[in-house]
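Here is a quick briefing to read with the model open beside you.

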Amino acid sequence: MTGIGKWCLGVVALAILIATGCAGAYSMEDRLDLRVDQFNDTVRWGRYFTAANFVHADIREEWLADHRGWDRDVRIAEYEVIDSTPDLEASNTYVVRVVISWYRMSEGMVQTTMLAQRWRREERTWQLVSEEVEEGTPL
């Protein structure tokens, strides 16, 4: 085998090692970030019943009741995850701050709200356990 052939074989072997070794190497925080984005994106596009699957069973009905009617009047223009920090009072829990720009179809004026979402890791998945308005106009 020539020098170039050995080099190509080495590159292919390295690529295989990287692809297989890193496929499941997401940290707990990476999985939280992904879950938070999936949830907030689902809410942004008005798929509330799908979003409810991200919400802990203990508060799911209350969360759905709080969002009832949004599909007819509330539109979310955009959201931005500001930060994610461990909750020092509860294990396996993070506080995620999300800024939402939104408007009511009946009014048309864009409002801004910062939410504090608490996410807890249970049985290998992250679930929303609370969501409170921290700043801005309540939705």
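Ring pairs join F39, F54, W63 and W119 into a cluster. Rings of Phe, Tyr and Trp (for Trp, its six-membered ring) count as a pair if their centres lie within 6.5 Å; planes under 30 degrees apart are called stacked, over 60 edge-to-face, and the rest tilted. Bear in mind that this is a predicted model, where local features need pLDDT of at least 70, side-chain atom pairs count only at pLDDT 80 or more, and totals for chains, interfaces and linings use all residues. Residues are numbered from 1 along each chain as its sequence is written, and side-chain values use heavy atoms, with hydrogens and water left out.

**Aromatic pairs**
- The structure holds five aromatic pairs.
- One of them is F39 with W119, an edge-to-face pair at 5.4 Å centre to centre with 80° between the planes.
- That pair links distant parts of the chain: F39 sits in helix α2 (residues 28-44) and W119 in strand β3 (residues 111-122), 80 residues apart.
- Helices (H or I, at least four residues) and strands (E, at least two) are DSSP runs, numbered from the N terminus.
- Are F39 and W119 buried or exposed? Both are buried; the cut-offs are under 20% relative accessible area for buried, over 50% for exposed, and partly exposed in between (1.4 Å probe, protein chains only).

**A negative patch**
- E29, D30, D33 and D37 gather on the surface as a patch of negative charge.
- Patch members have over 30% relative accessible area and no salt bridge, and like charges are joined within 9 Å.
- For charge, Lys and Arg count as positive and Asp and Glu as negative, while His and the chain ends are not counted.
- The place of a charge is taken as NZ of Lys, CZ of Arg, CG of Asp or CD of Glu.
- Accessible areas come from the Shrake-Rupley method with a 1.4 Å probe, and for residues only the protein chains shown count as cover.
- D33 has its place in helix α2, and D33 is partly exposed, with a relative accessible area of 40%.

**Salt bridges**
- A salt bridge here is a side-chain nitrogen of Lys or Arg within 4 Å of a carboxyl oxygen of Asp or Glu, and the count comes to six.
- D73 and R104 meet through their side chains in one of these salt bridges (3.8 Å, N to O).
- D73 lies in helix α5 (residues 70-73) and R104 in strand β2 (residues 93-104), so this pair ties together parts that are 31 residues apart in sequence.
- R97 bridges to D83, with the closest N and O atoms 3.6 Å apart.
- Here too distant parts of the chain are linked: R97 is in strand β2 and D83 in strand β1 (residues 74-86), 14 residues apart.
- R97 is partly exposed at 22% relative accessibility, and D83 is partly exposed at 28%.
- R120 pairs with E122, the closest N and O atoms being 2.7 Å apart; R120 is partly exposed at 28% relative accessibility, and E122 is partly exposed at 27%.

**Positive phi without glycine**
- N92 has a positive phi of about 55° although it is not a glycine, and N92 lies in the loop between β1 and β2.
- R124 also has a positive phi, about 70°, without being a glycine.
- R124 lies in the loop between β3 and β4 (125-136).
- N92 counts as partly exposed at 41% relative accessibility, whereas R124 counts as exposed at 74%.

Methods: Patch = residues over 30% accessible without salt bridge, like charges linked within 9 Å, V, L, I, M, F, W, Y side chains within 5 Å.
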